[in-house]
Amino acid sequence: MTDETLFDGIFNYDVMKMFFGKDYYINDKIILKSPSVGDIIEFGEREYYSMVHTLTCIPSDMKSQLDDIGINYMEISDFELFILLSKGLTKNMTYLLLGDLDLSKFEAMVNEENGEVCLYDRDNDILIDKLVYMNIVGYIRLLHNIKPKIEKAANETTRQILIQIARQKLEKQKKEPYKSQLKDLISGMMRYPGFKYKSWELQQCSLYEFMDAVQGAQIYVSTTSLLQGMYSGMVDASKINKKEFNWLRSYDE
């Protein structure tokens, strides 16, 4: 098994363009989108995040589903899983992220140039090999702050236990009502004094911009609390990393 996940960092994505909702060109035929909050609301939040999960999931995320069709999740690569799932993703399901690309029209084939399996749309002459796949998925993960969790079992017993845990979790999720991922965040930011957008203005924000604002607000509140605690004598500043007092810092630091 090869972990394409490990190579997500090889692409230099322009986060400023993502912030302002600009397109990302992989080539002249594969152009990725950066949807707005309003786009997602109009499309349907549940359907949107389900699509994102399908595009970005790795075998570790689908242990029980793969086991049900006789596939060992530790013996299939990320790209092979993508090939398996892509046939069920039509343009109507993915256009918010993939634009005109219709994954359901692609067929698996062997690239005669290197002997590797790839996806090919004959009608539009579009090729998705492992590198293009990694580029697409890396962008979508960065856009949604998704960090894949690779799980490997040391032996067969452990693998079966992990599959059973995953199966139970999946069954539990099926019985629970859907919980919005955005509603509480939007509601919280509307109450946050530093958030200046009205609801109709927020819908124009790219998802990346909104999530950046959410994380930025958390940094600002945390920094302000530390400063107040320091000045009141309730916090010993000598034991805190100095960067924690900078509310302009990146949340990646």
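Which side chain does the side chain of S64 make a polar contact with? I looked, and the partner is the side chain of Q65, at 3.2 Å. (A polar contact is a pair of N or O atoms within 3.5 Å; within protein, one must be able to donate a hydrogen and the other to accept it, and residues adjacent in sequence count only if both atoms are side-chain atoms.)

**Ground rules.** I am reading a predicted model, where local features need pLDDT of at least 70, side-chain atom pairs count only at pLDDT 80 or more, and totals for chains, interfaces and linings use all residues. Residues are numbered from 1 along each chain as its sequence is written, and side-chain values use heavy atoms, with hydrogens and water left out.

**S64, continued.** I placed S64 in helix α4, residues 63–68. (Helices are DSSP runs of H or I with at least four residues, strands are runs of E with at least two, and both are numbered from the N terminus.) S64 is buried, at a relative accessible area of 1%. (Buried means under 20% relative accessible area, exposed over 50%, partly exposed in between, with a 1.4 Å probe and protein chains only.) Setting aside neighbours within four places in sequence, I found S64 in contact with I163, A166, R167 and L170. (Contact means heavy atoms within 4.5 Å.)

**L101.** Next I went to the loop between α6 (91–98) and β3 (107–110), where L101 sits. L101 is buried too, with a relative accessible area of 4%. I noted that L101 and I31 are 70 residues apart in sequence, yet 8.0 Å apart in space, C-alpha to C-alpha. Not counting residues up to four places away in sequence, L101 touches several residues, including K29, F106 and I128.

**Helix α3.** I listed the buried residues of α3 as E45, Y48, Y49, M51, V52, L55 and T56. Down the helix axis they fall within an arc of 155 degrees, so they line one face of α3. (The arc is that of the directions from the helix axis to the C-beta atoms.)

**Helix α7.** Is α7 largely enclosed or open? Twelve of its 15 residues are buried, so the rest of the structure largely encloses α7. At the start of α7, a side-chain oxygen of D129 comes to within 3.2 Å of the backbone nitrogen of L131. After α7 comes N145, with a positive phi near 55 degrees.

**Largest pocket.** I noted a volume of about 1,700 Å³ for the largest pocket. Of its 39 lining residues, Y49, S50, H53, Q173 and Q181 lie nearest the centre. Helices that each supply at least two lining residues include α3, α4 and α7. (On a 1 Å grid over the protein atoms alone, a pocket is an open set of points where a 1.4 Å probe fits, with protein on both sides within 12 Å along at least five of seven lines; lining residues have an atom within 4 Å of a point.)

Definitions and conventions:
Grid points are joined across faces, edges and corners, and a volume is the space filled by probe spheres set on the points.
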